[in-house]
Amino acid sequence: MGFVFVSGRPCLDYVGTRKWRRSAVPEEQLLSPASLAEWTRAAGLLDETPEFTARDLAEAVEVREAVYRTVWARLEDRPPTEADVDLLNAHATRPRLVPTLLPDGSTRREGTLSGLLATLAADLLDLLGDPDFGRIKRCANTDCTRLYIDSSRGGNRQWCGMSECGNRAKVKAFRRRHREPH
């Protein structure tokens, strides 16, 4: 599926499962309950996932979109919608995912959809009140809609990630430089 984890927070990486939102055909990565399960494992939130259903997927996408709209609202200095506030608060108050320590010293991360969505909603609420929120940036690629926390020393990170948008920008700039007459 090619999930990317470059945002610096689970809630922002989760929002990134819908790519190229401004394009005519955004790329949806959560296409099935199985892809939701795959994302949770790739994100390191669950080692073993329950059998998600189509209804679970719809609920998960609803929460993801509420997270996205809420972050954008804050970045644009406007309040989130009442519906998004209610939805995110309802999920954030539920029990979150909790790792279990096993007798051999290893850990296991198991849980339910409810715990997963509670964890992601709570992560957003923690982020909204965290000084890191001021470091959230939008990718400089005008087609990309990924959000990330700029944790670079100089605070000058431009791209969500070099492997995708940063590399594309460098290739584009290189081609432009070599096309122009000197």
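Which helices do the buried residues of helix 2 pack against? They pack against helix 1, helix 3 and helix 5. (Helices are DSSP runs of H or I with at least four residues, strands are runs of E with at least two, and both are numbered from the N terminus.)

Before you click on, know that this is a predicted model, where local features need pLDDT of at least 70, side-chain atom pairs count only at pLDDT 80 or more, and totals for chains, interfaces and linings use all residues. Residues are numbered from 1 along each chain as its sequence is written, and side-chain values use heavy atoms, leaving out hydrogens and water.

**Stop 1: helix 2.** Select Ser 35, Leu 36, Ala 37, Trp 39 and Thr 40, the buried residues of this helix. Buried means under 20% relative accessible area, exposed over 50%, and partly exposed in between, with a 1.4 Å probe and protein chains only. Just after helix 2, look for Gly 44, which takes a positive phi of about 75°.

**Stop 2: the core.** Now pick Leu 12, Tyr 14, Leu 36, Val 67, Val 71, Leu 116 and Ile 136: of the 37 residues in the largest nonpolar core, these touch the most other members. Such a core is a set of buried Ala, Val, Leu, Ile, Met, Phe, Trp, Tyr and Cys residues joined through side-chain atoms within 4.5 Å. Helix 5 gives the largest share of this core, nine residues. Zoom in on Leu 116: leaving aside neighbours within four places in sequence, Leu 116 is in contact (heavy atoms within 4.5 Å) with Leu 36, Thr 40, Leu 45, Phe 52 and Leu 97. A second, separate core of six residues includes Trp 20, Cys 144, Tyr 148 and Cys 160.

**Stop 3: helix 3.** How far apart are the end C-alpha atoms of helix 3 (residues 54–75)? They are 32 Å apart, which agrees with the 32 Å that its 22 residues should span at 1.5 Å a residue. The expected span is 1.5 Å times one less than the number of residues. Just after helix 3, Asp 77 takes a positive phi of about 55°.

**Stop 4: Asp 84.** Is Asp 84 buried or exposed? Asp 84, found in helix 4, is buried, with a relative accessible area of 4%. Show Ala 66, Arg 69 and Thr 70 too: Asp 84 is in contact with them, leaving aside its neighbours within four places in sequence.
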